[in-house]
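Trainee: Could you take me through one part of this structure in close detail? I'd like to see how it sits among its neighbours.

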Amino acid sequence: MPFYLNLIVFGAGLGLSLVLTPVARKMALVTGRVAVPKDNRWHRKETALLGGISIFVSTAVAWVLAAGLTGWTLAGTPFMAMFLCSAGV
């Protein structure tokens with residue numbers, strides 16, 4: 001895959017994660033999906049629990065973009081099982 005395609009995919013994943021992570025945090029705080037501080041935990045304020053969703057969506061979009069740009073031969077088909085398993089998790 002040419003270097004400029006790598007930059008496009010990396011930039012898309014990075015940009016999307018920078019946009020989606022604050023949205024996921026705000027949604028977690030609004031809906032109450034937070035880890036409440038306890039004596040046996042290291043955090044001292046409520047911590048949002050939906051950050052993994054934004055990371056997964058950003059990674060999935062970047063993967064689909066890379067697969068689409070390479071015709072599914074280089075980045076698509078070989079990684080389909082890994083993508084499906086990570087989606088299941």
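Mentor: Let's start with Ser54, which sits in helix α2 of this predicted model. Helices here are DSSP runs of H or I with at least four residues, strands are runs of E with at least two, and both are numbered from the N terminus. Ser54 has a relative accessible area of 2%, so it counts as buried (buried means under 20% relative accessible area, exposed over 50%, partly exposed in between, with a 1.4 Å probe and protein chains only). Its side chain reaches the backbone oxygen of Gly51 at 2.8 Å; a polar contact is a pair of N or O atoms within 3.5 Å, where within protein one must be able to donate a hydrogen and the other to accept it, and residues adjacent in sequence count only if both atoms are side-chain atoms. Leaving out residues up to four places away in sequence, Ser54 touches Leu20, Thr21 and Ala24 (contact means heavy atoms within 4.5 Å).

A word on the ground rules. Residues are numbered from 1 along each chain as its sequence is written, and side-chain values use heavy atoms, with hydrogens and water left out. Because the model is predicted, local features need pLDDT of at least 70 and side-chain atom pairs count only at pLDDT 80 or more, while totals for chains, interfaces and linings use all residues.

Now the helix itself. α2 has 19 residues and reaches 27 Å from its first C-alpha to its last, close to the 27 Å expected at 1.5 Å a residue (the expected span is 1.5 Å times one less than the number of residues). Ser54 is listed among its buried residues together with Ser58, Ala60, Ala62, Trp63, Ala66 and Ala67, and these pack against α1 and α3. After α2 comes Gly71, with a positive phi near 75 degrees.

On the α1 side, that helix covers residues 3-31. Ala24, one of the residues Ser54 touches, is on the buried list of α1 too, along with Leu5, Val9, Gly13, Ser17 and Ala28. Those residues pack against β1 (34-35), β2 (47-48) and α2 (51-69).

Trp63 is buried at 14% relative accessible area. Trp63 and Phe83 form a stacked aromatic pair, 4.6 Å centre to centre with 20 degrees between the planes (rings of Phe, Tyr and Trp, the last by its six-membered ring, pair if their centres lie within 6.5 Å; planes under 30 degrees apart are stacked, over 60 edge-to-face, the rest tilted). Trp63 lies in α2 and Phe83 in α3 (residues 80-88), so the pair ties together parts that are 20 residues apart in sequence. Phe83 itself is partly exposed at 22%, and Trp72 is partly exposed at 35%. Phe56, Trp63, Trp72 and Phe83 make up one aromatic cluster.

As for the whole chain, the elements run α-β-β-α-α from the N terminus. The radius of gyration is 17 Å, well over the 12 Å that the globule rule gives for 89 residues, so the chain is more spread out than a compact globule (taken over C-alpha atoms; the rule is 2.2 Å times the number of residues to the power 0.38). Of the 89 residues, 21% count as buried. The average pLDDT is 89, and 100% of the residues score at least 70 (pLDDT is the predictor's confidence in each residue, from 0 to 100).
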